[in-house]
Amino acid sequence: MCGRFTLEISSETLKVIFGVSPFENILPRYNIAPTQMVLVLRNDPGNNRQLSYMKWGLIPHWAKEASIGNHMINARSETVDEKPSFRSALKHRRCIVPASGFYEWQKVGTKKQPYYITLKDGSPMMFAGLWDRWVSPDGIVVESCTILTTSSNELVSPLHDRMPVILSRDVIDRWLDSRVTDPAELKSLLKPYQSDSMSLYLVSNMVNSPKNDDPGCIEPT
C-alpha cells in the first residue's frame, strides 16, 4: 500500500521530467498523510499537462458524503477496472502523484519499524493515480485522488505485500493521454517497479505522527 510519502522537487525538475512549470513555490514535504492536499499532474481536456492540488482520498462524483474518501487513499491495480469507485476514472481521469520517496512499516514483535524507500538515482517517483471531482450539497467542489498499488517487488516485500505503482518515464505520456481508454492497455502499465533501482533504510518513529513534517523524518537511524 501507500500511506505516507514525501516530496522535495525543484522547478527545474518539474520542467525537465514532467514538462510543466509550477504555478507557485512548492514547499518540501516530509510526511504527507491521507486526507491532506497533494500535488498532482494530469492532462487538461486539450491533453496539455496541468499541475493541481487535490485531496488525498478519492471521493467518487456520485458519492453522498465526502467521508468515503477516507477509505480510498489506494486502489488495487489488478481490480481497478471492476470497482464502481474507480473504473470510470481509469478510463477518463488518470493522473500522476509525484513523490521523492515513501514509507513502509515492518512488524517487529509488538512494534512496527518504519523504513524510507527511494529511487537509487535520487529522481522523483511517479505514482500512478486516479482523480475525480465531487460537488457537495452546498455546491463546494472537491477534487480528490487515489494512488494505485500493485504487488511488492523483492525489496519491499519483506515489509509489505503491496507497494505504490511507480511509472517509468517512458509510459508517462500513455498514462496521461486522454485518448487512451482501453482498460487492458492501461493496466498493462501498472507493474511493480524494478527492485534493483530502489533502496531503503530505517528511519525513526517520528514519522508515525503526521504532525511531524520536517527533514528529521527521513534521517537514517
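So, lining the largest pocket we have Arg42, Asn43, Asp44, Pro45, Gln50, His92, Arg93, Arg94, Trp131, Arg133, Leu176 and Ser178. Strands E3 and E9 each give two or more residues to that lining. By type, the lining splits into 3 nonpolar, 4 polar and 5 charged residues. A pocket here is an open set of points on a 1 Å grid where a 1.4 Å probe fits, with protein on both sides within 12 Å along at least five of seven lines, and lining residues have an atom within 4 Å of a point.

Quick caveat: this is a predicted model, where local features need pLDDT of at least 70, side-chain atom pairs need 80 or more, and totals for chains, interfaces and linings use all residues. Numbering runs from 1 along each chain as its sequence is written, and side-chain values use heavy atoms, without hydrogens or water.

Okay, helix H1, residues 11-18. Leu14, Ile17 and Phe18 are buried there, meaning under 20% relative accessible area with a 1.4 Å probe, protein chains only. They sit on the same side of H1, because they cover an arc of only 90° around the axis, taken from the directions from the axis to the C-beta atoms. On the other side, Glu12 and Val16 are exposed, which here is over 50%. Among the elements covering the buried residues are strand E6 (94-99) and helix H3 (172-176).

Last one: Leu186, in helix H4, residues 183-187. Leu186 counts as buried because its relative accessibility is 0%. Leaving out residues up to four places away in sequence, Leu186 touches Leu90, Arg94, Arg174, Trp175, Val180 and Thr181, with contact meaning heavy atoms within 4.5 Å.

Conventions
Helix = DSSP H or I, 4+ residues; strand = E, 2+ residues; numbered from the N terminus. Nonpolar A, V, L, I, M, F, W, Y, C, P; charged D, E, K, R; others polar.
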